[in-house]
Amino acid sequence: GTEKCPFEGGCPKLSAYVLLKMSINRFLKSLRPQQSEHHILMSLLIYSLGGFFYISVSTAFGNVVQLVGAFYYLWIVLNAHKETRMPVCLRLCLVMLSIWTFVLVIRMFFIDTNLIILRPFQKAVMDFFIGFRVWPMFLIFIPYVFGYRHKIDMSYFVKMGLLLAIFFIIFFPFAFYNMVNFQFSLYSANEEGNYQDFISNSTLGIGTLCPCFILLFWKKYMSFKVWFIILVACVANLFITIHMARRGTTVLTLIYFVLLWYLYTAQSRLKGKLRMLAMATVMLASAYMVFVSLSDSFFSLIVERAEADTRSGVERSFYKYFSSQADWLFGRGLLGTYYDEIFGEQRFSIETGYLFIILRAGLLYLIPYVMLLMVSGIKGYFKSNNLFIKSIAIFMLMSVLELYPWGYPTFSFKFFIIWLGVIMCNSKYFLSMSDQEIQNVLFVKPIIKKR
């Protein structure tokens, strides 16, 4: 109040509380969207929270939240258009993908509507408005939103990652407890209590709260405290992934960690390289000891499923019932199906990423999609002068590699960065920047100032 503090220099507990409150208030105020990228990232945050609420709270509430985030994004995209500059062949790929996306959406709403009779009304509404079929397609319009010299506020992306990491760490104990105590049978044929039920519901949807892994590549542009909080969330998510025996996700996450180590090691001097090598050796030895000691308990499921072949039968069914040239070229639309002999039903999806894209959009979409990401990624990695563009290029190239395990596009922060990379990796303005210039131009509003 107005009384003088009896402690000389101020009350330490009160000072810490006030500083914490001021920091939280300042952080929350900084999340108020002001630029187009702020609004897009906020819409992705709302959509991600909707995915969490879908599992942890209720299906209806999660659907509503996701729908708000998705239409918020669409409103921003339609009201923020800038010129896109890139090589002619890549521009043609982007235009082709954009036109084909419009065709697919029109086909779903006005031609393939008879397919909704295959599912209950609630599921049909999800397919039309909320699910993974429609909205990931609209992320392709990200390159049209930002100009090739647009000074994007990437510090806002870091704030979103920090916020998600905090949410993830808060809910992690509850998700972890529910996961290790979840009752299921690996070979159960029932809808409840089988392996699919386990990986979908055991963690209460916490996976949607995990911050985008690319933030770990940007350690150079943020404070160590923020980076470390994000690292804790990503490592905790890796433990969940391993326990659930998600083999593809586990391997690819480990590859990202290796690439992160390599990228920073390659840019270090000899002393730094030796330090990074020693650190990697200690961490690998520790990880191996932990895995071996828990291989018959916490990690027993992934050991059991290590060599299980769960894709060949599904893929054979796809090839058998996806036989016409028109299907391969044009796909069967966003509501397209194929008959799976293993499940004994018409399926709307397939686990293999490139086949998932072919099912929905055909080779007419897959080929320019892969070409656009690969050419942009290669150019961004080898022609850039900064770690920021190189890291985005790595994610673009990895997203192509991920098309075999699963890798289909999602409405997420990760694919926001990938489509943003289509612009940045083809912009001489961003390619020519040094790391310090990236820091001064794109990370101008840090949460915690670097010392």
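Figure 1. The largest nonpolar core holds 137 residues, of which Met154, Phe157, Trp218, Tyr369, Phe388, Phe416 and Trp419 touch the most other members. Helix α8 (residues 154-180) gives the most to this core, with 12 residues. A nonpolar core here is a set of buried Ala, Val, Leu, Ile, Met, Phe, Trp, Tyr and Cys residues joined through side-chain atoms within 4.5 Å; buried means under 20% relative accessible area, exposed over 50% and partly exposed in between, with a 1.4 Å probe and protein chains only. This is a predicted model, in which local features need pLDDT of at least 70 and side-chain atom pairs count only at pLDDT 80 or more, while totals for chains, interfaces and linings use all residues. Residues are numbered from 1 along each chain as its sequence is written, and side-chain values use heavy atoms, with hydrogens and water left out. Look next at methionine 154: beyond residues up to four places away in sequence, it touches Trp218, Phe388, Ile417, Leu420, Leu442 and Phe443, where contact means heavy atoms within 4.5 Å.

**Figure 2. The whole protein, as a setting for the close-ups.** The protein has 22 helices and 2 strands; these are DSSP runs numbered from the N terminus, helices being H or I with at least four residues and strands E with at least two. Of its 451 residues, 49% count as buried. Among contacts between residues at least 6 apart in sequence, 77% join residues at least 24 apart.

**Figure 3. An edge-to-face pair across the sequence.** The whole structure contains 50 aromatic pairs. Rings of Phe, Tyr and Trp (its six-membered ring) pair if their centres lie within 6.5 Å; planes under 30 degrees apart count as stacked, over 60 as edge-to-face and the rest as tilted. In the pair shown, tyrosine 221 and phenylalanine 388 have ring centres 6.2 Å apart and planes at 80°, so they are edge-to-face. Tyrosine 221 belongs to the loop between α10 and α11 (224-243), and phenylalanine 388 to helix α19 (residues 387-401), so the pair ties together parts 167 residues apart in sequence. Both tyrosine 221 and phenylalanine 388 are buried.

**Figure 4. An aromatic cluster and two charges over rings.** One aromatic cluster is formed by Tyr47, Phe71, Tyr73, Phe102, Trp135, Phe138, Phe141, Tyr144 and Phe411. Elsewhere, the charged end of lysine 219 sits over the ring of tryptophan 227, 5.7 Å from its centre. Lysine 390 lies over the face of tyrosine 381, at 4.9 Å from the ring centre. A charge sits over a ring if NZ of Lys or CZ of Arg is within 6 Å of the ring centre and within 35 degrees of the ring normal.

**Figure 5. Methionine 179 and serine 202 in contact.** Methionine 179 lies in helix α8 and is buried, with a relative accessible area of 1%. Leaving aside neighbours within four places in sequence, methionine 179 is in contact with Phe198, Ser202, Thr203, Ile240, His243, Met244 and Phe298. Its C-alpha is 8.3 Å from that of isoleucine 240, which lies 61 residues away along the chain. Serine 202 is found in the loop between α9 (195-201) and α10 (214-217), and at 0% relative accessibility it counts as buried. Beyond residues up to four places away, serine 202 touches Ala175, Asn178, Met179, Phe182, Asp197 and Met244.

**Figure 6. Two loop residues with positive phi.** Most residues other than glycine have a negative phi. Leucine 204, in the loop between α9 and α10, has a positive phi near 60°. Alanine 245 also has a positive phi, of about 60°, although it is not a glycine; its place is in the loop between α11 and α12. Which is buried and which partly exposed? Leucine 204 is partly exposed at 27% relative accessibility, whereas alanine 245 is buried at 0%.

Figure 7. Helix α13 (residues 270-293) has 24 residues and reaches 35 Å from its first C-alpha to its last, close to the 34 Å expected. Its buried residues are Gly272, Met276 and Ala280, and their cover includes α12 (247-266).

Conventions. Expected span 1.5 Å × (residues − 1).
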